[in-house]
Amino acid sequence: MPPAIISPSQLSPSVLASDFGQLTAECKRMIDGGATYLHMDVMDGHFVDNITMGPPVLASVSKAIPGIFMDCHMMVAKPEKWVNAVADAGGSLYCFHIEATDDPLPIIASIHARNMKAGVAISPDTPSTAITDEIGHAADMLLVMTVYPGRGGQKFLDRCVPKVAELRARFPEKDIEVDGGVGPSTVHACAHAGSNVIVAGTAIFNAADPNQVIAQLTATVNEAQRQS
Ligand SMILES: O=C(CO)[C@H](O)[C@H](O)COP(=O)(O)O
């Protein structure tokens, strides 16, 4: 059993599954439905084979929804390049991929210098040990991808779950996020391995009752924390 988790649960709907033509309304709908974060999937067409949105769109959302916590998942080839633009756009958390840089510590420092939380993500084929003790302690959040980044609606990769447990054992005080294929049938494994920040896209946006799914995912994490 992993050590007791002290970080509160957060539910972060992935806007990749939203109607981008109604993005602000979709984000409001999620917050009103019980989400605490909004997972903003920023893709630049280089790190992954897809393009989504950038700082101008983030700025529109933060302007329309003051106080929103934008959990910005930067699937970009040069993560050092966008820190200031995302901060200026109202980003709350800047999470970059360890595979996209040879020098993560200065990026974490630059994120903190702009008063954002710093996240470090690992793709499915990257071992959790790529997040060294030094990197993990410097970051605020560690993201374990449970699908290959780039698209929503993919099948959850169970083989990534042990990485959550390994990181939780080394970093009991950090936020640990899971992203990809997470929904009512897969959240239990993530939560019991030690994840406290849950990203879900299609499971929420495609649901008949999104608020019920948000409540169910949050309750599963809270129950896992009570049992830890
Ligand atoms: O980062 C992502 C893809 O790169 C998405 O956030 C992720 O896939 C969530 O979507 P779903 O819950 O539908 O799998």
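Here is a short chat about the predicted model shown above.

Reader: What am I looking at, and how are residues numbered?
Author: This is a predicted model: local features need pLDDT of at least 70, side-chain atom pairs count only at pLDDT 80 or more, and totals for chains, interfaces and linings use all residues. Residues are numbered from 1 along each chain as its sequence is written.

Reader: OK, how many helices and strands are there?
Author: The protein chain has nine helices and eight strands. Helices (H or I, at least four residues) and strands (E, at least two) are DSSP runs, numbered from the N terminus.

Reader: Why call it as compact as a globular protein of that length?
Author: Its radius of gyration is 16 Å, close to the 17 Å that the globule rule gives for 228 residues, so the chain is as compact as a globular protein of that length. That radius is taken over C-alpha atoms, and the rule is 2.2 Å times the number of residues to the power 0.38. Along the principal axes, the C-alpha atoms fill a box of roughly 45 × 45 × 30 Å.

Reader: And what share of the residues is buried?
Author: Of the 228 residues, 48% count as buried. A residue is buried if 20 or more other C-beta atoms lie within 10 Å of its own, exposed if 12 or fewer, and partly exposed in between, with C-beta atoms placed from the backbone.

Reader: Switching topic: which residues does UniProt mark as "binding site"?
Author: In the unreviewed entry, one "binding site" annotation covers H39, D41, H73 and D179. They span 141 residues in sequence, yet no two of their C-alpha atoms are more than 10.7 Å apart, so they gather at one spot. UniProt also lists S14, H73, G150, R151, G152, G153, G181, G201 and T202 under "binding site" in the unreviewed entry. UniProt positions are in the numbering used here, feature names are shortened, and annotations may be inferred rather than shown by experiment.

Reader: Where's H39, and what does H39 touch?
Author: H39 sits in strand β2 (residues 38-43). Not counting residues up to four places away in sequence, H39 touches S12, P13, S14, V15, D71, H73 and V199. Two residues are in contact if their C-beta atoms, placed from the backbone, lie within 7 Å.

Reader: Is H39 buried or exposed?
Author: H39 is buried, because 29 other C-beta atoms lie within 10 Å. D41 is in strand β2 too, and D41 counts as buried with 25 C-beta neighbours inside 10 Å. Leaving out residues up to four places away in sequence, the contacts of D41 are S14, V15, L16, T52, H73 and M75.

Reader: What about T202, buried or partly exposed?
Author: T202 is partly exposed, with 16 other C-beta atoms within 10 Å. T202 belongs to helix α8 and touches A17, G152 and G153, residues up to four places away in sequence not counted.

Reader: And where does G181 sit?
Author: G181 lies in the loop between β7 (175-179) and α7 (187-193). With 23 other C-beta atoms within 10 Å, G181 is buried.

Reader: Which residues come nearest to the ligand?
Author: Of the 23 residues around the ligand, S14, P149, G152, G201 and T202 come nearest. The elements giving two or more residues to that shell are β2, β3 (70-75), β8 (197-200) and α8 (202-205). A residue counts as near if its C-beta atom, placed from the backbone, lies within 6 Å of the molecule.

Reader: Now the core: which residues have the most contacts inside the largest nonpolar core?
Author: Those are C72, Y94, C95, L142, V144, C190 and I198, in a core of 72 residues. A nonpolar core is a set of buried Ala, Val, Leu, Ile, Met, Phe, Trp, Tyr and Cys residues joined through C-beta atoms within 7 Å. In soluble globular proteins, nonpolar side chains tend to be buried together.

Reader: Last one: what do the buried residues of α6 pack against?
Author: They pack against β5 (117-122), β6 (141-145), β7 and α7. In α6 (residues 161-170), the buried residues include V161, V164 and L167.
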